[in-house]
Amino acid sequence: MKPIFLTQFLIEEQRAMGKITPDLRLLLEVVTRACKRISIAVGKGALGGVLGDAGTGNIQGEAQKKLDVISNDILLEANEWGGHLAALASEEMDHPHPIPEQYPKGGYLLLFDPLDGSSNIDVNVSVGTIFSVLRKPEGSASSEDDFLQPGTQQVAAGYCVYGPSTTLVLTIGNGVHQFTLDRELGSFVLTQRDMKIPPDTKEFSINMSNERFWEAPVKRYIDECVAGKDGPRGKDFNMRWVASMVADVHRIITRGGVFMYPLDSKTKSQGGKLRLMYEANPMSFIIEQAGGAATTGRERILDIKPNKLHQRVPVIMGSKNEVDLVSSYH
Ligand code: AHG
Ligand code: MN
Ligand code: MN
Ligand code: MN
């Protein structure tokens, strides 16, 4: 079969669905080209001098890794000049990055977690990039408030996993499609159209070391999974925790499961651990488009009206019937 490259896929979607404007197509091409550069930087490892700490911190209160900063810079540089964006926001920047004066501005807003799973960089475990695209509200004079739109307003979202292979998973609101980077050609090739998450699962993903900090509903759900065949669920469960959200969610999109970073007493004062705009929203959009569900336990993540750019939320997402069960315990 003839390979379908990302460019052809996007052009065909633009023609058939009218879902993609030429500017959105340019945006997706530019973001994914930046991801190829990040993939190359990540792949050099110790030989590229890219491992270890940058010696700086971000607004999240985290020590930045060199690759957090490198990936952020690659995404900024790639996206500044194209004329498709009004502004960019990132986990690694305190405030949105305006488009430099010398370039034209466009109608889209881009948000990203340039490198997800930073704790895994130095140990050579999969990391990734997560991105989300919004429209700039009409008539607004660019400000941080432009970004504060619920996840339902996203026009596109995607992520790349830098693992044994580099994969891109993308939605523009009509299903979820997977592309694999052909490293020799330097192009993303469509490898799975319309990915679907099975509604039931026997696999959960949570950092069990936080058990004593969880709320009762989550503790009950996990206790029942761990009880296995003899417990109320009547089946044995398996557990996986990569500690890179992209990799954990990618596994769930590939073979089902439920991913949780729930509210716990350690992160309660901040609202949760994971970031709404760079992690929870894009992943929830993708998960829902693949037939799964995503909630905080109390409300659908995509319905949250953000009150600040770096807002954090509890996250429970994946196979629909499991997510509904955890929600019902809340
Ligand atoms: P980031 O590397 O972008 O800061 O995100 C890390 C997040 C997420 O990827 C992962 O699921 C979670 O943090 C892991 O947290 P623990 O170290 O508490 O397991
Ligand atoms: Mn981080
Ligand atoms: Mn992250
Ligand atoms: Mn990150």
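Trainee: Which residue of β6 does Leu111 stand opposite?
Mentor: Leu111 has Ser132 of β6 opposite to it. Please keep in mind that this is a predicted model.

Trainee: In which sense do β5 and β6 pair, parallel or antiparallel?
Mentor: The pairing of β5 and β6 is antiparallel, and it runs over seven bridges. In general, the strands of a sheet are joined through backbone hydrogen bonds, in either a parallel or an antiparallel manner.

Trainee: How many strands form the sheet, and in what order?
Mentor: Eight strands make up an open sheet, and their order is β4-β3-β5-β6-β7-β8-β9-β10. The pairing within this sheet is mixed.

Trainee: Which strands stand at the edges?
Mentor: The edges are taken by β4 (97-98) and β10 (187-192). Each has a single partner strand, so one side of each lacks a neighbour in the sheet.

Trainee: Which helix packs on the sheet, and what does it touch?
Mentor: Helix α6 packs there, touching β3 (85-90), β5, β6, β7 (156-162), β8 (166-171) and β9 (176-182). The direction of α6 makes about 85° with that of β6.

Trainee: Changing topic, which residues does the UniProt "binding site" annotation cover?
Mentor: The unreviewed UniProt entry lists Asp116, Gly117, Ser118, Ser119, Asn207 and Lys273 under that annotation.

Trainee: Where is Gly117 found?
Mentor: Gly117 lies in the loop between β5 (108-116) and β6 (127-135).

Trainee: Why does Gly117 count as buried?
Mentor: Gly117 is buried because 21 other C-beta atoms lie within 10 Å, and the cut-off for that class is 20 or more. Beyond four places away in sequence, the residues Gly117 touches include Ser126, Val127, Gly128 and Met245.

Trainee: And where is the place of Lys273?
Mentor: Lys273 sits in the loop between β13 (258-261) and β14 (274-275).

Trainee: Is Lys273 buried or exposed?
Mentor: Lys273 counts as buried, because 20 C-beta neighbours lie inside 10 Å. Apart from neighbours within four places in sequence, Lys273 is in contact with Tyr261, Thr267 and Arg312.

Trainee: Finally, which residues does UniProt list for the C-terminal domain?
Mentor: The unreviewed UniProt entry gives residues 197-329 for "domain: Fructose-1-6-bisphosphatase class 1 C-terminal". Over residues 197-329 the chain is 34% helix and 15% strand, and the end C-alpha atoms are 22 Å apart.

Terms used: Residues numbered from 1 in each chain as written. Chains lettered and ligands numbered in written order. Predicted model: local features only at pLDDT ≥ 70, side-chain atom pairs only at ≥ 80, totals over all residues. UniProt positions renumbered as here; feature names shortened; annotations may be inferred. Helix = DSSP H or I, 4+ residues; strand = E, 2+ residues; numbered from the N terminus. Buried ≥ 20, exposed ≤ 12 C-beta atoms within 10 Å, placed from the backbone. Contact = placed C-beta atoms within 7 Å. Pairing = 2+ DSSP bridges. Axes fitted to C-alpha atoms, helices over the stretch in contact; angles between N-to-C directions.
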